[in-house]
Amino acid sequence: MSPKAVAIVLAALVAAAGSAFAHHSFAIYDMETNVEFEGVVDTLKFRNPHMAMTLKVTGDDGRERLVEFVEGAPANMLVRMGLDPATIQPGRKIKAVGSPRRDDPNAYFLKTIILEDGTRFHVLN
Amino acid sequence: MSHFVLAFFRSSPRRPGRRCSVLGLVGAVALAAAGSAAAQGTGDAARPDFSGLWFPAGTRTTPQPLPFTDAAQRLVEQYRSEFTLDDDPGRYCIWPGMPRAVWGAPFTIEIFHRPQDVTIYWEGYGMYRKIYMADHNPPPALVPSAMGHSVAHWEGDTLVIETTNLKPYPYMTRMATTSDAHVIERMRIEERPGDDGQMRRYLVDEITLTDPKMYKEPIRIVAQAVHRPDLQLLEYTCTDTLWDEYLQSRGLTLPDVDALPEPDEE
């Protein structure tokens, strides 16, 4: 896809963001809070209507823990934005930004994926 | 507008006696055109051909708040008190159906347009819809469905579509509709500059939903999609999560078939 075509798709996605997940309310998440994690993908469910992922991160105390991104954008939307699912397979090092569920602060909605080369896939503000 | 369209349909009785001759003519045309591009399109150069790949243009308008009847408003309040935000039909792959489906979610739409019908395939939820042309002896509605039974006619370059026989959609926070819901669409092509300044084709659908038990007045929605021949339709399987949850409840783990050895490694 040409850069211009990508721009058009992104513009459409941004414009449609309100309806992108129209079947789904985001009120269960604290969307004002954005937490960035760096770690290694542990499990990945790259699918529709929402992808899901766990990320193994190492805390300041040196202990490893799993961060659960219980849902994110539809897989098809990410592919259309240019994300190659091979780049986020288990074992790959990435950064991820999420917003926590209000009733479970250990479960996050995945808003942004940042690959090792810095490429960002941002699906929701 | 909608009253005029309704009057048109109600004053245009079906003519079953024409079935054989019309079918014969359609069959002859179909045979003559089989295997050629001529089988697609409207069969009339003055009318637009909706065929192709489209993508929602992000300009759908839906009135808020919705004009619920008093009884429906009470149902909304009861629904909100009983259903949580997690009790969401979309998570369980329930089709939004008509008229909610039209150019909403950001997934590719593919349209196949023939003189006798328009077939629309939505990537999102894998939704499918058939619109029959009134002058090609449309089949009867058999069962109520999410997409309903749609019959269309041309008014100039605008395809006017009437949809009935819809299943109830009782999700009160998702533009609910009853079995009485009746949808009129006026679908046309507009060519105009896009956000990037280039001329683009837009598929514009002006929708009027009438559902007197649910809404005090007709609801008008305008939805647009932009022609995007560079896209492709991707598979959208919605039920994987549900299947995973079932397997988990049964304590079952699927075999990792990709971990099987290559034939020459055995």
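**Nonpolar cores and strand pairing in the predicted model**

Chain B has a mean pLDDT of 85, and 84% of its residues reach 70 or more. Residues 1-38 of chain B are an exception in confidence, with pLDDT below 50. In the model, this stretch has 19 contacts beyond near neighbours in sequence. Where pLDDT is low, predicted coordinates should not be read in detail. The structure is a predicted model, with an ipTM of 0.70 and a pTM of 0.78.

The largest nonpolar core holds 47 residues. B:Trp122, B:Ala152 and B:Ala225 touch the most other members. Two or more residues each come from eight strands of chain B: E1 (52-56), E3 (117-122), E4 (128-133), E5 (149-155), E6 (158-164), E7 (182-193), E8 (199-210) and E9 (219-227). E9(B) contributes the most, with 5 residues. B:Ala152 touches B:Ile131, B:Met133, B:Ala134, B:Leu159, B:Val160 and B:Ile161, leaving aside residues up to four places away in sequence. In soluble globular proteins, nonpolar side chains tend to be buried together.

Strand E9(B) also takes part in pairing. E8(B) and E9(B) run antiparallel and are joined by 8 bridges. E1(B) pairs with E9(B), also in the antiparallel sense, over 3 bridges. B:Ala225 in E9(B) figures in both pairings: B:Pro56 stands opposite B:Ala225, and B:Leu203 has B:Ala225 as its bridge partner. B:Ala225 is also one of the residues that touch the most other members of the largest core.

Key. Residues numbered from 1 in each chain as written. Chains lettered and ligands numbered in written order. Predicted model: local features only at pLDDT ≥ 70, side-chain atom pairs only at ≥ 80, totals over all residues. Core = buried A, V, L, I, M, F, W, Y, C linked by C-beta atoms within 7 Å. Buried ≥ 20, exposed ≤ 12 C-beta atoms within 10 Å, placed from the backbone. Helix = DSSP H or I, 4+ residues; strand = E, 2+ residues; numbered from the N terminus. Contact = placed C-beta atoms within 7 Å. Pairing = 2+ DSSP bridges. pLDDT = per-residue confidence, 0-100.
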